[in-house]
Amino acid sequence: MSSVVATKQLYYAFGRGKLRKAVLSDIDLTLEAGEIVLLEGPSGSGKTTLISLIGALRTMQTGSLQVFGRELLGAKSRQLMHTRSQIGFIFQHHNLLDCLTTWENVSTSLRLHPHMAKREYRSHAVTMLKAVGLEDKIDTYPENLSGGQKQRVAIARALVSHPKLVLADEPTSSLDSQAGRDVVNIMQRLAREDGCTVLLVTHDNRILDIADRILHMEDGRLQ
């Protein structure tokens with residue numbers, strides 16, 4: 001069985017001409033099914049750029065990047081969209097829509113899966129909200145949730161479609177110690193139950209114990 005993610009000599013740069021600056025250089029990385037891998041390193045080291053490439057949110061430049069066994073270099077927009085639909089994204093800021101209730105926010109990721117009937121959205125969303133301990137907040141709007149609760153909604157949204165890969169960028173940075181621990185415990189438990197791979201970017205030393213592997217990035221290179 002092929003790796004969930006496999007990169008080889010991955011290179012990415014911003015700018016043009018004399019202003020061109022390498023952000024990622026010679027990145028060789030593999031992520032296997034069911035792994036929880038933490039990626040740490042100073043700000044500006046290329047961590048977010050790397051996960052945005054893996055998540056097919058940026059266009060590849062040089063090197064090889066295979067996700068779910070398919071090469072993303074030169075991939076057409078339809079393939080990139082299909083890849084994104086199989087990935088759960090959790091960001092530093094929850095990015096909830098204030099005009100939607102919690103279950104409606106969670107259900108937005110289900111719209112990427114046309115095989116699922118709209119009448120099933122609420123039941124799937126409610127099941128995942130119960131799994132993250134928000135069964136009493138199903139019809140609540142984000143303005144009435146705490147920071148930790150909003151991040152739980154974001155996790156539910158990322159996992160409701162049972163993705164094969166979860167990419168999380170600083171999901172605990174804005175949370176206090178207990179809320180941060182609750183969030184990663186939920187992520188770990190639900191990811192393990194679904195057998196998906198988690199790549200989590202963090203500066204938070206409090207959560208290192210959840211990792212199968214810890215990678216360090218500096219100056220655009222994996223150390």
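**Cores and strands in a predicted model**

Biologist: Leaving aside neighbours within four places in sequence, which residues is methionine 187 in contact with?

Modeller: This is a predicted model. Contact here means heavy atoms within 4.5 Å. With neighbours within four places in sequence left aside, methionine 187 is in contact with Ile90, Ile155, Ala168, Pro171, Val198 and Leu200.

Biologist: Which element gives the largest share of the largest nonpolar core?

Modeller: That core has 38 residues. Met187 is among those with the most contacts inside it, as are Leu129 and Val132. Elements that each supply at least two residues include β3 (36-40), α5 (147-159) and β8 (197-201). The largest share, seven residues, comes from α6.

Biologist: How many residues are in the second, separate core?

Modeller: Nonpolar side chains tend to be buried together in soluble globular proteins. Here a second core stands separate, with Leu10, Ile27, Leu39 and Leu215 among its members. Its count of residues is 30.

Biologist: Which residue in β2 stands opposite valine 5?

Modeller: Strand β1 covers residues 5-14, and strand β2 covers residues 21-31. The two pair in the antiparallel sense over seven bridges. Opposite valine 5 stands leucine 31.

Biologist: Which residue in the turn of the β1 and β2 hairpin has a positive phi?

Modeller: The hairpin has six residues between its strands.

Biologist: Which residue in β4 does alanine 6 stand opposite?

Modeller: β1 also joins strand β4 (residues 62-67). They run antiparallel, with five bridges. Opposite alanine 6 is glutamine 66.

Methods:
Residues numbered from 1 in each chain as written. Predicted model: local features only at pLDDT ≥ 70, side-chain atom pairs only at ≥ 80, totals over all residues. Heavy atoms only, no water. Core = buried A, V, L, I, M, F, W, Y, C linked by side-chain atoms within 4.5 Å. Buried < 20%, exposed > 50% of the residue type's maximum accessible area, 1.4 Å probe, protein only. Helix = DSSP H or I, 4+ residues; strand = E, 2+ residues; numbered from the N terminus. Pairing = 2+ DSSP bridges.
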